[in-house]
Structure formats: structure tokens, C-alpha cells
Amino acid sequence: MLRIDRALYDELIDHARRERPRECCGLVATLDGVAQRVLPVTNTYKYPQLGYEMGYEAARLMFEIEDEGMEVGAMYHSHPRTAAIPSQTDVNTAVPPETGQPLWPGTVYLIVGFPEGGDEPQLRGYRIEGDGVAGFGAEQGEA
């Protein structure tokens, strides 16, 4: 489980709103399962309206997070026009079919969705492991 306070929750939602109609992405630094920082990452995907990709900036931030004694507790991205449910692309990115093993075991994947392209966001968290997707909802406070 990941705990996130209202201010960081709002940061995540605001990032997703600012980037619409493009997908946003980023990292959440945690300490003992509690979110400490939201770190937006530039979406480097060729077609950011259709997907996301985190480049070298994410790797640099991961080292920064670890150097500060924290861990990458979550990775996040948005679905600007659909619900906060992992797409098959999201699942394949987390667990490449060629290996069947998660790239980041134990990581929470947060998705900020805007169902049916509406303005009301939803935030949901998932663990995407080799044997499937386990989801849990979040309004505020926990993801």
C-alpha cells in the first residue's frame, strides 16, 4: 500500500490536468510506504497523446531519490480520455511478454484517468506483476 497526503495527491492530479490531451508521467518518492515527493518526468513518447515513455530523466531522478534515502514507491501516468485502468500496453510495459517478469517488482503503478474524456479525475493504483494485475482505488490519502 502507498499512502499519499492531500497536497501530493493534488500535485499528481494537477500534473495530469496540465498535460491534457497528452499523457503525463512521473515518479513518486516514498519513505516507509509514505509518499514524500511527486516528480514529474517529461513524456518522451513520439505520440504523447497516445502513450508515455520515460527517458533518461527518470533514471536520473531514480538515482536522486535513492541518494536521498528514499525509494521509488510508485510510477504514474495519465489516461486523458479514459478510466484509470491499465491498458494492455501498460501491462506489457510493466511485465514484458518476452520475459514474463516485472521490470520493477513491488512498484505501485498509479493512473490518473479521466473517464469518457470528462473533467472529473480518478486516481487508482495497481501492482502489475508476472501473474496479473491487482488494483486498488484511491480517492485521497491512500493509493
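Q: Why is Glu19 called partly exposed?
A: The model is predicted, and the values are computed from it. Glu19 has 23% relative accessibility. Buried means under 20% and exposed means over 50%. The value lies in between, so Glu19 counts as partly exposed.

Q: What makes Arg22 and Glu19 a salt bridge?
A: Their side chains meet at 3.3 Å, N to O. The cut-off is within 4 Å, from a side-chain nitrogen of Lys or Arg to a carboxyl oxygen of Asp or Glu. The pair therefore qualifies. Arg22 is partly exposed, with a relative accessible area of 32%.

Q: How do you know that Arg20 forms a salt bridge with Asp119?
A: The closest N and O atoms are 3.6 Å apart. The limit is 4 Å, so the pair counts.

Q: What makes Glu68 and Arg37 a salt bridge?
A: The closest N and O atoms are 2.7 Å apart. Glu68 is in the loop between H2 and S4, Arg37 in strand S3. Salt bridges that share partners join Arg37, Arg60, Glu64 and Glu68 into one network.

Q: Why are the buried residues of H2 said to be on the same side?
A: Ala58, Leu61, Met62 and Ile65 are buried in H2. They cover an arc of only 110° around the axis, which puts them on the same side of H2. An α-helix has 3.6 residues a turn, so residues three or four places apart point the same way. The face turned away from the buried side carries the exposed residues Tyr56, Phe63 and Asp67.

Q: What do the buried residues of H2 pack against?
A: They pack against strands S2, S3 and S4. In soluble globular proteins, nonpolar side chains tend to be buried together. The largest nonpolar core has 21 residues, and Leu27, Val41, Ile65, Val72, Met75 and Ile128 touch the most other members. H2 gives the most to this core, with 4 residues.

Definitions and conventions. Residues numbered from 1 in each chain as written. Predicted model: local features only at pLDDT ≥ 70, side-chain atom pairs only at ≥ 80, totals over all residues. Heavy atoms only, no water. Buried < 20%, exposed > 50% of the residue type's maximum accessible area, 1.4 Å probe, protein only. Helix = DSSP H or I, 4+ residues; strand = E, 2+ residues; numbered from the N terminus. Arc of directions from axis to C-beta. Contact = heavy atoms within 4.5 Å. Core = buried A, V, L, I, M, F, W, Y, C linked by side-chain atoms within 4.5 Å.
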